[in-house]
Amino acid sequence: MTGKAKPKKHTAKELAAKLDAATTNRGGGKAGQADRSGMEKGGHAKLECPLCKVTAPDLKSMQIHHDAKHPKLPFDESKLLNLHATVAAEPSGTKPRPGVRGSLKK
């Protein structure tokens, strides 16, 4: 017999979560760092703050950053650097992108 209301086996939800955690690239390591920096075309960081060089994925995030870190200066959308426009486009499918599911099972 088992203890008080403890299931004997793992639930399907728990097993699916473990499989997902083991087989999905969460963007850690050098590949994730390159992706977050926006230095490559497939990166998530699209905009760069001209004042402190912090990157953000979209305009709303950059607005939040600017209000928090540079409250005395007016926010000017035209001064933001678009990192995706400055980097040459790579042919799609040449490099793995973080967040893409891949199986470790063969």
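The model is predicted, so to speak of local features a pLDDT of at least 70 is needed, side-chain atom pairs count only at pLDDT 80 or more, and totals for chains, interfaces and linings use all residues. Residues are numbered from 1 along each chain as its sequence is written, and side-chain values use heavy atoms, with hydrogens and water left out.

**Overall fold**

Let us start with the chain as a whole. The protein chain has 4 helices and 3 strands; helices (H or I, at least four residues) and strands (E, at least two) are DSSP runs, numbered from the N terminus. Along the sequence their pattern reads α-α-β-β-α-β-α. Of the 106 residues, 19% count as buried, where buried means under 20% relative accessible area, exposed over 50%, and partly exposed in between (1.4 Å probe, protein chains only). The accessible surface comes to about 8400 Å², and carbon and sulfur atoms hold 59% of that; such areas come from the Shrake-Rupley method with a 1.4 Å probe, and for residues only the protein chains shown count as cover. Contacts (heavy atoms within 4.5 Å) reach along the chain too: among those between residues at least 6 apart in sequence, 49% join residues at least 24 apart.

**The sheet and the core**

The 3 strands form an open sheet in the order S2-S1-S3, with antiparallel pairing. Strand S2 (55-56) and S3 are the edge strands, each pairing on one side only. Strand S1 (residues 47-48) pairs with S3 over 2 bridges in the antiparallel sense; two strands pair if DSSP finds at least two bridges between them. Leu-47 stands opposite Asn-82 in S3.

Leu-47 also belongs to the largest nonpolar core, whose 5 residues are Leu-47, Cys-49, Ala-56, Met-62 and Leu-80. A nonpolar core is a set of buried Ala, Val, Leu, Ile, Met, Phe, Trp, Tyr and Cys residues joined through side-chain atoms within 4.5 Å. Leaving aside neighbours within four places in sequence, the contacts of Leu-47 include Ala-56, Met-62 and Leu-80, as well as Asn-82.

The structure holds 0 disulfides, a disulfide being a pair of cysteine sulfur atoms within 2.5 Å.

Both cysteines are touched by His-70, which also contacts Leu-51 and His-65, not counting residues up to four places away in sequence. His-70 lies in the loop between helix H3 (59-69) and strand S3 (81-82). Its side chain makes a polar contact with the side chain of His-65 (3.4 Å); a polar contact is a pair of N or O atoms within 3.5 Å, and within protein one must be able to donate a hydrogen and the other to accept it, while residues adjacent in sequence count only if both atoms are side-chain atoms.

**Accessibility at a glance**

| Residue | Relative accessibility | Class |
|---|---|---|
| Cys-49 | 1% | buried |
| Leu-83 | 9% | buried |
| His-70 | 14% | buried |
| Thr-55 | 28% | partly exposed |
| Cys-52 | 33% | partly exposed |

Leu-83 is found in helix H4 (residues 83-86). Leu-83 and Lys-46 are 37 residues apart in sequence, yet 5.2 Å apart in space, C-alpha to C-alpha. Thr-55 is part of strand S2.
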